[in-house]
Amino acid sequence: MDSPNQPDRLDRRDALILNELQRDSRQSVAQIAERVGMSSTSCWKRLRELEARGVVTGYTVTVDREKAGLSLCVIAEVNLAPHTEETVQRFERAVAACPQIVSGYSTTGQSDYVLRVLVLDIKTYERFLHDTMFRLPGVTHVRSSVVLREIKAQARLPVAVPAA
C-alpha cells in the first residue's frame, strides 16, 4: 500500500522522498523521482501531499555560521517568573522575533527554556544579554554556556525508511 493509513504516518516512498530532499533540496522532482524509483508525476503528487499535510514546511540552505560572521555560539538557560500563561506567551513571541536566538526549547529541569544564540563575539553577546535577553518578558535568570567547539550540528532529521 503506497499511501499512509494515518495522516501523520509516513510510508516507504514518503520517507525516501523526505530523505532525498534533506540530502539536497535543490534537486528537481525528476531527479528525486529517479533516486526513489518513482515516476516524476507520482513523486510530484507525493511531494505536494507532504507539503499540504505540513510534513514539509519549507526549503532552506545550510550556511556556515563562522564564515557568515557568527563565531560565538552560546547556550542560554533561562528561568521565568511568574509562570503565567501571559508571561510564557509574551516571552515565546519575543524569542521568536529575535534573530540572534536561532533555536529555543521549553524544558523540564533546572531551567524553563534552553536557547541557542549566535553572535559575532563575546562583547556582542554581552550587549545582547543586557539590551535584549534581560529585557525579555518574565526573565529572572540566565545561565550562559559558551560553546567551545561544535561537534555536531545537523538540521537533517533521521527519517526511518520502513521496510518494503
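Leaving out neighbours within four places in sequence, V117 is in contact with L72, C73, V74, A76, Q100, I101, Y125, F128 and M133. The structure is a predicted model, and V117 belongs to its largest nonpolar core, a set of 21 residues in which V117 is one of those that touch the most other members.

**Nonpolar cores**

- Besides V117, the residues of the largest core that touch the most other members are V78, F91, L115, Y125 and M133.
- At least two residues of this core come from each of β1 (72–80), α4 (85–97), β3, α5 (122–131) and β4 (139–146), and β1 gives the most, with five residues.
- Another core lies apart from this one and has 13 residues, among them I32, L50, V56 and V159.
- In soluble globular proteins, nonpolar side chains tend to be buried together.

**A buried loop residue**

- S111 is found in the loop that runs between β2 (101–106) and β3 (113–119), and it counts as buried because its relative accessibility is 4%, where the cut-off for buried is under 20%.
- When its neighbours within four places in sequence are set aside, the residues in contact with S111 are E77, V78, N79 and R143; of these, V78 is also among the core residues that touch the most other members.

**Salt bridges**

- The model has a count of 11 salt bridges, and one of them joins the side chains of R46 and D11 at 2.7 Å, N to O.
- D14 is buried, as is R46.
- Within helix α1, R23 and E20 are three residues apart and therefore separated by about one helical turn, and their side chains meet in a salt bridge at 2.9 Å, N to O.
- Salt bridges with shared partners join D11, D14, R46, E49 and R53 into one network.

Notes
Residues are numbered from 1 along each chain as its sequence is written. This is a predicted model: local features need pLDDT of at least 70, side-chain atom pairs count only at pLDDT 80 or more; totals for chains, interfaces and linings use all residues. Side-chain values use heavy atoms; hydrogens and water are left out. Helices (H or I, at least four residues) and strands (E, at least two) are DSSP runs, numbered from the N terminus. Buried means under 20% relative accessible area, exposed over 50%, partly exposed in between (1.4 Å probe, protein chains only). Contact means heavy atoms within 4.5 Å. A nonpolar core is a set of buried Ala, Val, Leu, Ile, Met, Phe, Trp, Tyr and Cys residues joined through side-chain atoms within 4.5 Å. A salt bridge is a side-chain nitrogen of Lys or Arg within 4 Å of a carboxyl oxygen of Asp or Glu.
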